[in-house]
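The following exercises are to be worked through with the sequence and the model in view. Each task is followed by a solution in steps.

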Amino acid sequence: MSLMQRSSPHVMGRNTTSRIMLWVIVAALPGLLALSYFYGWGYLINTVICVVSAVLAEAAILMLRKRPVLKTLKDASAVLTGVLLGVTLPPFAPWWIMVIASGFAMVFVKHLYGGLGQNLFNPAMAAFALVLISFPLPMTTSWSTPEAISGEPLPSFSQQLSHNLEWQAYDGITMATPLDHYKTKIKRLTADELAQTPEYVAGPFYGILWVNLAFLLGGLLLLFLKIISWHGPVGLFTGLLVLALPFSADADSAMPVLMHLFAGATVFGAFFIVTDPASSATSNRGKFIFGFGVGILTYCIRTWGNFPDAIAFAVLLMNISAPFIDHYTRPRTYGKPKPVSGYKLPEESP
Amino acid sequence: MSIESHSPAPAVQNPTQDIIKDGLWRNNPALVQLLGLCPLLAVSGTVVNALGLGIATLLVLIGSNVAVSLIRNHVQDTVRLPAFVMIIASFTTTAELIMQAYAFELYQILGIFIPLIVTNCIILGRAEGFARKNTVWRSLVDGTMMGIGFMGILLLLGIIREVIGQGTLFAGMELMFGPAAVNWKWVIIPDYSQFLFAVLPPGAFVALGLLIAGKNVIDDRQKQRVQKAVDDQPALSRRVRVTGHIH
Amino acid sequence: MSRVDRIWPLPGGIHPPEHKSESNGRPIARLPAPHHVVLPLHQNSGLPAEPMVAIGEQVQRGQLIAKGHHPVSALVHATISGRVTAIEDRPFAHPSGLSVPSIVIESLSDQEAALSPEAVSMAPMRDWATETKERLVSRIQEAGITGLGGAGFPSHIKYLGQRQIHTLIVNGVECEPYITADDRLMREHATDIVTGTQIALKILSASTAFIAIEDNKPEAISAIKAALVAVTDTRIKVKVVPTKYPSGGEKQLVYLLTGREVPSGDIPASLGIVMQNTGTLYAIKEAVVSGTPMTERVVTITGEGTPNPGNYWVTIGTPIQDALAATQVAVTGNRPRVIMGGPMMGYDVDITAPVSKVTNCLLVPSATEFPTAPDPDPCIRCGLCEQACPANLLPQKLFWNAVHHEWEQARLNSLSDCIECGACSWVCPSNIPLVQHYRFAKAEIKREAIETIKADQSRLRFEQRQARLERDAAEKDAKRKARAAEAAKAQAAKAQDTPSTLDASAKDAILASVARAKAKKAASTGPVTQEALENTVVLAQQAVDKTRVKLATAVSDGLPSVEALTGALQKLEKRLADAQSALQSHTETGDAP
């Protein structure tokens, strides 16, 4: 374009895409470490496998698309997707699930839609949904149990590694995710009875609470660095609470509000998934509505659905609605009496 | 005021070869016209399902094309659609009865999709778009080729989805070919845990998308080759004026 | 806090490195008078002026040398005493880089200067408080004062508005990095600026004036405050605004100080507000109190490429290269690169162009100071631009609209409200030159609008031509009718008992149709164009329709002309069919036969 002459502004800020990605990765580390501390080496091993396969998959599709490989890889977005997948997938799941998920995220969800910034869906969540519906068995039974609950030590690094690489299966104790577990149990037991079961003696949600707090810490870091805005996360919490508060009044049949907030992927989803800029809404109001929708859907799918956690499906459903939300949530521009909303220009506009 | 004439449209003067090419590749009902997607995506989970539906559709398509072509000069325009649907419905019922008789289990698996052939856009589309204006022979060729084109894609999808979804090929062929076919099942990946995504409809969408992309790639290459051949030829004295095409 | 003291925080905005300390440390120095000046007849805004001097004529500093007939065009004064050596096209400091007609004045030799009279000046109005508003406004116009901040609009226009003004805002914000011209002027001429403000208040009959200064200029703030204490004028208030780019934008500053927004597409006067730059008020004071026309201004010369960064009084019209050379910048050919204005909104200029009334800064960057931006990465929709936009736009959406040429969408996203401040580009982590995309989109939308107008005009032309053709046909028709009537009369006179087979009106109608058809045929001869063929079809269609109506009336009225009309209709229908098929074959072949 001939228009691309040198013109104002002549100075640029020091921000770069890769810096943003790297900070998000850094912000996810406390959560990853907390997961590894309570649930064993599986998460770290998974993350490494996911990152490597995501980077390789991106390199391959870039070559196929005849795009610069190294320059694109440098933006670290593939690494980020790998890390997000690593902390989402079950720690005892076999290696090929990681590879399939990462490859699908990179090739189908990201690059078939045009690459970085063009994807309609959140790559990590779409890939999670893919492996969850494709391999229901390993995806629901490969969750690890903290030592304080099972009474058995977590597998050593080499045991975990050979299990995940399918060299030698480790015969450890796995259980459903805390959310899933509580959901099934509360149908038969009262809340008091449930608190007496071995899984809950160590506390209502031992381990997972700290994991959520660690993700919260990372999220606050991102807010502080102004890499994300508060609208999405607050929207998600609001949406979730709007349903969870009234419905959890009966403690003997519903999950407590605190479990909704801190026993699943809620905090992770709020700060690391809902805030994914490419697949979320654009304006601040839009981001809030996007998060709110994710919150509502998450509650519904968790409570009345069959899946262990609902963030992924809720996010995917809201991803589809994001362009629509955008059209109705344009901010009011300076000097305009009201925001331009919808798909048509208002009559009186010039 | 309209001076549009209501005389039947003139017969399209395709040589037979063109009809064949159209059905199998250039105007493939599944890859290009994107018709009949519902059965295409719903029953292409295994090869045997795909084959069953493919053959049924092929037979109905041939029958309806020939029948429509036969009556093309004797049916009033205003009532042609009901007539065509009647014809298609009769052939579909016939196919359904034949299947019940000879491949009852497969018939049960394919279920509603056999009667639904009536509403398959390909069949009505060919009746309305081709057989209504062409001779019986040409309609026969068109029906056959379109049917084979559709069945081919159905089979391809079946192969892809069966291999990826279940790790086998030709499982359950006995449903169609009797007990002799029990041994046809070919386990490609032993101890395969199912890849449900490929078995479920979303997998069909993705696989079809990839097939369409593949066809486009082949067409593009072909075009480039032709273009190159044209470019390589010495410049002709005749100047060709091209207007109204900016790509 | 009262409404008067309150500050309404600006949405968005950025904090780029300020780089003010390089140039604001030393008092404003005066550059030596230039050897020659170039005075463009076309100011930055407004209509061109016409020269009132001839080549070779001797002029005095301050003498009026060009003026326009339109009130919007500013007057041009000689800024040095000397001789007019050329009136020709010269490069002009404008983003377009165009050349415009300019008057070149060369200074006189010392002996000549000693003989020639002093600089021309106007009568000082020391007790301006007793002058009439009209006289003050015409003084501002006569002094050739234009806005010194932004677009360079002739200043007197702002004082001629019909709308009631209650607030004057004095813009001393100077939010662009590097520039310190207003800062220094406020420090050194605070009293003059306050006087200028009082004059402006008088002209506007406004009740309040806010002098807005960013909090990174404490010396300027205290200087103005001290000057205000001295005059004890309670109408004028200093408002200190937080340092943030682009607080100094006109619309942004209005909101910042009053909490009200200038309606989209309107000017502050619609809110009863007028905004003036501090430099403009200084110039107004000089023109009114001292009678000096505007011949110089303060220019910040800064950047790593300048050995002596600072603020200078520069004679307007001084070629930029001469001004730079006077501050010991090495000038060779068209080097160094010079940006006029600040780094956020300034533009590269030709250094042979003259310093104009809007030149607030000449920024001479070193080779490494403003590195060429790396190739843009893909947009990741991070939304940082949205948080930075002071106009509450969605820069990211506008970017996609511009890339995909979705002009309708761009308008939905209020592209026209973008002030091109560059805050979005500055924060973009992918280094996307967003402002350039917006400029492109704006230009395209404008172009399309012009094309739409053109299309409308040609449609109108076509319709009028058709109307004309029909009128001609009708006239011929009338003549023929008269002739026919005469002939009929003559015939009737000859043989009174021969009845006519057709009644007159039906005959006329047929004749008219035939005549029109002939006219069309004549019109369509010559090279066959698509348009001509289309016209033929339209006209033939109309003829058929009219004849049909006539036929229907004839049938219902039982007139004897039915048969003749039926025949005519058949002919016309055939003609229509022919025209249609001709048009169709023309369209299909896409080629002239």
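**Exercise 1.** In which sense do strand β1 (residues 29-30) of chain C and β14(C) pair, and over how many bridges?

*Solution.* This is a predicted model, in which local features need pLDDT of at least 70 and side-chain atom pairs count only at pLDDT 80 or more, while totals for chains, interfaces and linings use all residues. Residues are numbered from 1 along each chain as its sequence is written, chains are lettered from A in the order in which they are written, and side-chain values use heavy atoms, with hydrogens and water left out.

Step 1. Strands are DSSP runs of E with at least two residues, and helices are runs of H or I with at least four, numbered from the N terminus. Two strands pair if DSSP finds at least two bridges between them.

Step 2. The strands β1(C) and β14(C) pair in the parallel sense, over 2 bridges. Here C:Ala29 stands opposite C:Tyr312.

Step 3. A further partner of β14(C) is strand β13 (residues 296-302) of chain C, which pairs with it in the antiparallel sense over 6 bridges. In that pairing, C:Glu296 stands opposite C:Thr315.

**Exercise 2.** Why is strand β14 (residues 310-315) of chain C described as largely enclosed by the rest of the structure?

*Solution.* Step 1. A residue is buried under 20% relative accessible area, exposed over 50%, and partly exposed in between (1.4 Å probe, protein chains only).

Step 2. In β14(C), 6 of the 6 residues are buried, so the strand is largely enclosed by the rest of the structure.

Step 3. In a regular strand the side chains alternate between the two faces of the sheet. C:Gly310, C:Tyr312 and C:Val314 point one way, C:Asn311, C:Trp313 and C:Thr315 point the other way, and all are buried.

**Exercise 3.** How many residues of chain C are in contact with chain A, and how many salt bridges are counted between the two chains?

*Solution.* Step 1. With contact taken as heavy atoms within 4.5 Å, 59 residues of chain C touch 45 residues of chain A.

Step 2. By residue class, the side of chain C that touches chain A divides into 30 nonpolar, 16 polar and 13 charged residues. Ala, Val, Leu, Ile, Met, Phe, Trp, Tyr, Cys and Pro count as nonpolar, Asp, Glu, Lys and Arg as charged, and the others, Gly among them, as polar.

Step 3. A salt bridge requires a side-chain nitrogen of Lys or Arg within 4 Å of a carboxyl oxygen of Asp or Glu. The count between chain C and chain A is 5. A:Arg332 forms a salt bridge with C:Glu261, their closest N and O atoms being 2.8 Å apart.
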